[in-house]
Amino acid sequence: MKFDRRAALRMLALSAGGGVLPWWAPRRVAADPGQVPLRLLILDVGTGVLRGSWEPDAPEEGPAILRGSEWNFRGPHSVYAPYKSRATVFQNLDMKTAKEDPTPGDNAHINGHTHQLTATFRPTGQGALGGGESIDQFIARSLNQPRPVTRLPSLELTTGRSNQRGASYAASEQPIPFEREAEEVWNRVFPSDDGDAAGLARRRSQVSDFVKGDYDRLLTALGAEDRAKIQQMQDLRRDLEVRRTTLSPRANRRPSESILEPYQTLGRDVHDAEHYEQRVEVMTKLAAAALYADATRVVTLRIDRPPDDRFGYSKGRWGTRDWHDLDHKVSGNNRDRDLSDPVQAVDLITTMQRLYAEKAKAALDELASLEETDGQSLLDHTLVLVTSHIADGSHDITRLPWLVFGDGHGAFRTDQYLRFLRTWKDDRPPSFSGDQWRSRGRPHNDLFTSLAQAMGIAVDRFGEASVATGPIEEMRA
Amino acid sequence: MRTRLVALLACTACSGEILPSVEDRPPPPAPEAAVPEAPASPPATPPTEQPPAEGPADACATPPLAATTAPLRRLSGPEYVNTVRDLFPAVELPALEPVADERIGAFRNDVLGQTPSALHVERYASMAEEVARAAVAQLGAWSSCGPEDRTASCAAALVDNLAFKTHRRPLTPSEQSRLGSFTEEAVNEHGFESGVEMAVTALLESPFFIYRPELGAAEPGPAGGVALDDYELASRLSYLFWQSMPDQELFDAAASGALSTETGLLEQAQRLLATDRAREVILGFYWDWLGLDQLDDVRLDDERFPEFNGAMRRDLERSARQFLEKAVLEDDAYESLMLGSFGFVNDRTAPLFDVEAPSADGFSLVELDSSRRRGILTQPGWLAATSHGIGHSPIFRGVKVLDRVLCTPAPPPPPEVLDSVGDPTNEDICTTRDQVAFTHSSGASCVTCHELIDGVGFAFEEYDALGRWRTEENGCTVDASGRLPFRGNAQLVNGAVDVAEQLAESEQVAQCFASHWFRFALGRSDVWRDRCQIEALGRQVLEGEGSLREMMLALVRSPAFRTRPAVE
């Protein structure tokens with residue numbers, strides 16, 4: 001029987017003889033035997049979706065919330081149809097902090113990347129790095145306080161190039177490195193113990209104690225700024241020691257190591273364009289496996305773009321320099337002027353975006369294929385956020401084509417298309433032009449607040465306080 | 001900070017606004033939310049200093065006696081791998097994959113890019129265990145403890161010898177005692193091999209290995225700072241020129257106190273500079289500084305550039321590398337770097353240089369037409385590194401020169417791109433310059449910044465995406481007129497050769513070059529108070545024979561290299 005969270009809270013309130021608890025009241029997140037924990041999977045899938053191609057069909061004037069048969073997926077998002085009942089889609093969800101950040105980003109993509117999951121302003125004078133802890137790190141850290149519950153606080157994976165910075169941040173100006181080598185990920189998620197776990201733990205503990213002494217001695221000799229660095233390393237080491245000695249992934253949830261085969265046989269060639277599907281599949285399986293084995297409860301997976309030949313593009317086509325240029329021209333004001341065949345060009349870009357969505361959908365499939373102890377699937381116990389660092393190829397960061405899958409153990413009502421109010425400066429009609437910068441939608445901070453609360457974290461607002469307005473009430477069950 | 005302020009002000013001109021207008025401004029901040037406290041993050045931005053409003057005209061006549069700042073540095077990825085290999089030269093080690101460091105500016109060894117993460121800590125721990133395991137499995141390759149002497153005391157002595165190298169200095173008596181006790185207890189409890197493995201693991205996980213603490217000599221040093229001790233200077237030298245730990249000769253020099261003298265310090269610096277290892281590190285500096293690593297990422301349309309394949313890419317890299325080897329290492333001349341009219345060609349790249357293919361296999365040195373090729377910025381490798389898609393990019397070329405050669409980086413682009421651009425007639429557009437100029441002149445948010453960027457980039461229009469010389473593009477005459485935005489004195493130029501000649505004479509460029517060496521050597525961005533030392537280094541390459549080696553030695557002699565501020 002599915003755990004009825006709301007019923008439990010009512011019972012708790014009654015037994016305490018007190019008033020009704022707020023719906024986000026913290027609850028124990030360490031899984032009791034038989035209680036399946038809630039997980040979070042964030043899928044970062046590139047440069048958004050062409051404006052006008054994905055928005056569910058709905059009358060211009062109409063209810064703010066469309067449910068069930070009142071809405072449907074469209075365009076590249078059609079691939080998600082099998083999971084519609086679990087979905088929440090948004091109209092006028094904006095990366096508002098990116099618009100209002102007083103410090104310009106080094107370019108539009110960095111502007112998006114640095115706000116995508118942090119929802120806060122960059123540090124003054126810093127155009128390249130994010131200004132705060134990202135939502136995945138915030139949730140991971142919160143879940144593991146006051147004591148760790150999983151061996152890894154979080155996992156950040158990428159199928160792309162190693163020199164591309166991800167959107168996750170431990171703190172201001174502290175980007176989290178993403179892992180791209182499947183075998184190294186495997187060794188972290190499923191470490192081997194060489195058959196002498198107790199002996200290994202003992203030796204590691206002794207080594208750790210000795211090393212701690214070195215850190216303590218060094219701390220006394222350093223200035224304040226350097227001390228902070230060493231203190232941070234010590235904190236991370238201490239955390240690692242606790243995790244290694246007290247927490248292990250569920251051994252019976254470990255998949256066959258054969259899933260690593262493409263990385264093992266191809267070596268570095270696995271990162272070539274021709275092996276795109278293989279590495280996306282492997283990393284997706286690893287992400288799911290890590291969640292399934294409770295090695296972590298928060299995974300962020302960045303999926304890189306399908307190579308040109310997968311969607312029929314070649315450089316120079318229709319007067320474009322490369323796919324990026326094509327994406328710009330298709331999304332811009334002057335599509336008909338800039339492209340020799342705008343109709344085909346649009347079709348090509350939406351094909352690419354559909355291929356991208358199929359990879360995200362494959363992640364949902366993978367979660368759905370794994371059965372939990374309560375007979376439900378891992379997907380039933382996971383919140384999935386499908387995100388991107390810009391809304392579409394014009395670099396717009398409003399009207400984000402993001403989706404949430406999952407009800408968060410009863411926290412969310414799903415199968416909804418939520419249409420937030422938009423106000424226009426000077427009463428201008430919407431267009432692809434600079435007007436998007438004058439408009440006001442719902443800040444993405446609020447989505448993150450809702451996700452955090454669904455994960456059982458007591459927080460009123462996430463990210464930049466001057467922008468966040470609170471959780472999205474329309475998502476509440 | 002100063003650069004960013006300039007960029008911010010420039011962006012005002014670009015987009016017409018920095019802050020939202022009055023009616024757009026967000027409401028007053030809401031009360032603080034009850035958010036769990038985020039982990040304390042060490043300050044990642046160096047102390048910012050503004051130039052004094054007033055000051056002596058010749059402030060650099062008495063330059064600072066001590067370094068302005070010396071943040072604690074962690075071994076970079078390559079430094080870690082190299083150091084481990086040098087610790088166990090006779091041991092076959094597993095492949096090590098440190099977590100990649102963030103690139104800050106041109107380089108990946110800046111302290112700002114060294115914030116640790118859970119992944120870093122796990123990776124250090126796992127690498128330490130892997131190395132220790134391999135070392136113990138091959139004890140005979142490095143251990144003085146024979147099969148008959150697998151005792152706790154022998155293990156302690158063995159580890160003590162190793163600790164000197166992992167710490168890169170002698171241990172204090174208390175450190176020795178503590179390490180010795182740990183090793184003996186580990187051996188007694190777990191056996192010789194396991195005990196030694198534990199001790200080696202501990203040494204490799206120690207902050208004294210992973211970091212390069214520089215606490216300075218015990219005696220007070222120059223005003224405002226302390227002199228680094230000999231062992232710290234030994235590490236500075238070895239990590240600058242070898243990206244690895246000191247060798248025994250360098251340790252011996254440190255032990256004798258020789259590195260505290262300028263003579264002794266320079267003697268060792270010159271010795272290190274003469275090695276093959278230093279050649280690789282120095283070439284790596286130029287590779288990163290000039291952005292030649294981006295050659296690896298260049299993707300060009302197959303139909304337009306059928307000759308650009310993997311082999312051509314490698315040839316362009318080799319050609320550029322050999323140019324640098326000659327200019328920097330053999331000629332040892334700034335002038336050769338900036339103005340050298342030579343190239344290294346093989347049969348595949350000869351057409352790019354417009355010369356006959358050499359008769360011999362491989363690459364040959366050829367003299368080039370100095371009216372078409374002068375310096376690294378006219379080499380096909382550099383030019384191709386800024387190309388992408390269907391051709392070359394005057395914008396990328398302009399950005400690269402502004403950022404890396406002039407140290408006046410272009411402001412960031414406004415958030416919206418290509419909003420309202422007019423419709424050109426077919427007669428208007430023939431060359432890439434025509435297209436770019438039209439586009440950037442049509443958009444109000446584009447003009448100001450692109451006058452800066454394109455003014456530089458257009459001067460390279462005589463070279464196509466692969467760096468081939470041309471006088472026409474699409475049947476139209478190429479226009480390579482441009483503008484170099486020197487501080488306080490912009491110069492009109494005509495063609496990249498003119499650009500090269502102007503840059504080679506420029507104090508601003510020489511100081512920019514010196515500042516990059518400064519950042520690379522010290523692993524940090526320069527601050528305002530470093531300017532006197534940087535200006536002196538810049539003068540070094542412009543005066544006399546312009547020896548690049550002498551500039552590096554001047555850097556080693558400088559207070560920034562030999563001292564640190566007093567610990568507060």
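Trainee: Which residues touch the most other members of the largest nonpolar core?

Mentor: F241(B), Y286(B), L324(B) and F513(B) do, in a core of 143 residues. A nonpolar core is a set of buried Ala, Val, Leu, Ile, Met, Phe, Trp, Tyr and Cys residues joined through side-chain atoms within 4.5 Å. Buried means under 20% relative accessible area, exposed over 50%, and partly exposed in between, with a 1.4 Å probe and protein chains only.

Trainee: Which helix gives the largest share of this core?

Mentor: Helix α3 of chain B, residues 118-137, with 10 residues. Helices (H or I, at least four residues) and strands (E, at least two) are DSSP runs, numbered from the N terminus. There is also a second, separate core of 55 residues, which includes F73(A), Y83(A), L152(A) and V189(A).

Trainee: How are things numbered and counted here?

Mentor: Residues are numbered from 1 along each chain as its sequence is written, while chains are lettered from A and ligands numbered from 1 in the order in which they are written. Local features need pLDDT of at least 70 and side-chain atom pairs count only at pLDDT 80 or more, while totals for chains, interfaces and linings use all residues; side-chain values use heavy atoms, with hydrogens and water left out.

Trainee: OK, chain B overall. How many helices and strands?

Mentor: Chain B has 23 helices and 10 strands. Of its 568 residues, 53% count as buried. For contacts in chain B with a separation of 6 or more, 69% are between residues 24 or more positions apart.

Trainee: Show me a strand pair.

Mentor: Look at β8 (residues 481-484) and β9 (residues 491-494) of chain B. They pair in the antiparallel sense over 4 bridges. Two strands pair if DSSP finds at least two bridges between them.

Trainee: Which residue is the bridge partner of L484(B)?

Mentor: Q491(B), in β9(B). The hairpin of β8(B) and β9(B) has 6 residues between the strands, and G488(B) there takes a positive phi near 75 degrees.

Trainee: Where else is phi positive?

Mentor: H395(A) is one case, with a phi of about 75 degrees, and it is not a glycine. H395(A) sits in the loop between β9 (382-387) and β10 (403-405) of chain A.

Trainee: Is H395(A) buried or exposed?

Mentor: H395(A) counts as buried, because its relative accessibility is 7%. Q243(B) is another non-glycine residue with a positive phi, near 55 degrees. Q243(B) is in the loop between α8 (230-241) and α9 (248-256) of chain B.

Trainee: Give me one in chain A.

Mentor: R74(A) forms one with E55(A), with the closest N and O atoms 3.7 Å apart. R74(A) is in the loop between β2 (65-67) and β3 (87-91) of chain A and E55(A) in the loop between β1 (39-44) and β2, so the pair ties together parts 19 residues apart in sequence. R74(A) counts as partly exposed at 25% relative accessibility. E55(A), at 16%, counts as buried.

Trainee: And in chain B?

Mentor: R470(B) and E473(B) meet in one, at 3.6 Å, N to O. Both are buried. Salt bridges that share partners also join E179(A), E184(A), R188(A), E122(B) and R123(B) into one network.

Trainee: What about confidence in chain A?

Mentor: Its pLDDT (the predictor's confidence in each residue, from 0 to 100) averages 87, and 88% of the residues score at least 70. Over residues 1-33 of chain A, pLDDT stays under 50. Where pLDDT is low, the predicted coordinates should not be read in detail.

Terms used. Contact = heavy atoms within 4.5 Å. Salt bridge = Lys/Arg side-chain N within 4 Å of Asp/Glu carboxyl O.
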